[in-house]
Amino acid sequence: LNLPQFVQLLETFVGEDISLPTVKRLIAFIKEEYKQTEEEKMEQLEKVHHMSRLAQRKLILEALFEKWDNNASGFLDLEEVDAVLSTFKEGMEKEALRKAKQHLCSRYPQLSRVGKLSPRAFQTFLELVASEFTGDGDEAIDNLVEFLTASVERSHAEYLQSLTRRKWLRDIQQAAETSGASMEAVYKAVFKALSQDAEAHGDNKKISAYIALLEENQPSPERGHFLLRYVACTADDAPYVLNKILYRDMKGVSFAAVEEGKPIHVPRVQLHGNIHFWNYDHPVEERKGSLLVLPLHGACWRAFGILGVDTLRDQCEKTIFLTHEIRFYQGVSHAFSKAYHHICTLENVLQMTVTALDWLYPRAPSIHTVVTYLVEPGKDKTCDYALRKMITTDNRGQKEIHSSPVLLLRKENLLRDYLFKCVDSSEAIRTSVCGEHHIAVPLRDLSGQAFGIFDICVGRHQKLPPHEHKDLQKMLKTAQAACSEILKMSSEETEPTDVLEHTANLRHAGILFHQFMLQDVRKCV
């Protein structure tokens, strides 16, 4: 039990109307009766020490990754890291390095194809290398970190540039985590990062940017199995680009970037001959500049769209993208991919929740309302998280989807403090507010932390009828199982069924609840 869970356990045990002297007697009793053997104490201390060591190592390796990833691209080149490590101890550990690399590629099969190390894969690689050394593993990791840190040199200007770029990438992730499952804030953060970098680190280039996602080509299947639909772009380009469709048989390098899985840079578009121009208001002689198309990668490096950046609006001569810019734009595409899949996951969870509530209401008419919240990180240092109201369902099954922001902060919602206690403890809580009884139930992520809440109001009834209570428990258990499955499917290690079919995934998320319900019925038969 952590501290919030322990407090919640005792509050549940003593009830709401207990007197202070009784609480004090209970605390004195627990202090007197709780015994811890020396072995248990040492085991607990060792566990705390081990967790602290792992957390410290994680921070050190993340800092090392960032030092190597100077342009904030989000990945390192495996061969480059391998080449430097091969000189460790004057090349005496090459056999250990070879074995570690073999184990790494078996754990991350896509590495043999793309050769890119994510922060997690980089940490795993160094841990595998250290495990092949003789002697103390922690000391081996420390020696490797010291060696790799010394092998990279950065100027102060490069350090500041990297710091600024990482801040812009964090803004993209924060937009995803605080947008209430809306993509608009993410698109704005992406284009802001690109334009700010072009101004600050790209010789004040004037850029256009756009995002296109792969879809199954249902309108004109004879023109290719897939199409690219432009879902977002910089404001000036909206009349020409937004909602446009690029088919495979049209001019352009976007499909090549998707298939090759690598950025395609066209330094001078006027000399290329295979560029599709959306803005026909520009005379042919003015269609000059550079174009960069980056594939958007999902789980296991499968492409699901493109991020395009060009300088066709810039009339200056120096409009070619430099290597450090291309690397950073790759970091932006990586940050967007993470943000996009985070929001897709939230949408799937909400779709599953709607299905679960539709199942519950005919079976539990005594429930007055259910309000579904998502847990979001706080936007400032005064609060660590907030609750965003997403769905309200009444006792007739009527649902209101809250598209406009409805955020609850702990300091502003004292009567709803039970919701925040539910998040703190990741445990269900029963309470009474203004004469109405509530049951707050967490929806947990894969680590067991609450990332959503059902606030179930049963009105003046202290208890639901037994059959309704049983169905409520069944719904909550099934919803949690379906939610865990959705989160597993969205994790980096899991190969997606089809990254192109977001609408199909939404349908699947709804069906998933009924699949788990059916499995539970089969177990009972």
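The protein chain contains 16 helices and 15 strands, and the model in which they are seen is a predicted one. Along its principal axes, the C-alpha trace of the chain spans about 85 × 60 × 50 Å. Of its 525 residues, 46% count as buried, and among the contacts with a separation of 6 or more, 62% are accounted for by residues 24 or more positions apart.

**Domains**

- The chain is divided into four stretches, namely domain 1 (3–34), domain 2 (40–151), domain 3 (177–340) and domain 4 (343–524).
- Taken over C-alpha atoms, the centres of domain 1 and domain 3 are separated by 59 Å.

**Helix 1**

- Helix 1, formed by residues 3–14, has twelve residues and reaches 17 Å from its first C-alpha to its last, which is close to the 16 Å expected at 1.5 Å a residue.
- Gly15 follows helix 1 and has a positive phi, near 85°.
- Helix 1 is also one of the elements that give two or more residues to the lining of the second largest pocket.

**The second largest pocket**

- About 710 Å³ of space lies in the second largest pocket, and of the 25 residues that line this pocket, Thr12, Glu16, Ile429, Arg430 and Thr431 lie nearest its centre.
- Besides helix 1, the elements that contribute two or more residues to this lining are helix 14 (417–425), strand 13 (429–433), strand 14 (436–444) and helix 15 (466–490).
- The lining draws at least three residues from each of domain 1 (3–34) and domain 4 (343–524).
- By residue class, the lining of the second largest pocket divides into nine nonpolar, ten polar and six charged residues.

**Cavities**

- The count of cavities of 30 Å³ or more comes to three, and the largest cavity has a volume of about 350 Å³.
- The largest cavity is lined by 23 residues, of which Tyr210, His276, Trp278, Asp310 and Leu312 are the closest to its centre.
- The elements that give two or more residues to the lining of the largest cavity are strand 3 (208–216), helix 11 (238–241) and strand 7 (291–297).
- The residues of this lining divide into 13 nonpolar, six polar and four charged.

Notes:
Residues are numbered from 1 along each chain as its sequence is written. This is a predicted model: local features need pLDDT of at least 70, side-chain atom pairs count only at pLDDT 80 or more; totals for chains, interfaces and linings use all residues. Side-chain values use heavy atoms; hydrogens and water are left out. On a 1 Å grid over the protein atoms alone, a cavity is a set of points where a 1.4 Å probe fits but cannot get out, and a pocket is an open set with protein on both sides within 12 Å along at least five of seven lines; lining residues have an atom within 4 Å of a point. Grid points are joined across faces, edges and corners, and a volume is the space filled by probe spheres set on the points. Helices (H or I, at least four residues) and strands (E, at least two) are DSSP runs, numbered from the N terminus. Ala, Val, Leu, Ile, Met, Phe, Trp, Tyr, Cys and Pro count as nonpolar, Asp, Glu, Lys and Arg as charged, and the others, Gly among them, as polar. Domain bounds come from an automatic or database domain assignment. The expected span of a helix is 1.5 Å times one less than its number of residues. Buried means under 20% relative accessible area, exposed over 50%, partly exposed in between (1.4 Å probe, protein chains only). Contact means heavy atoms within 4.5 Å.
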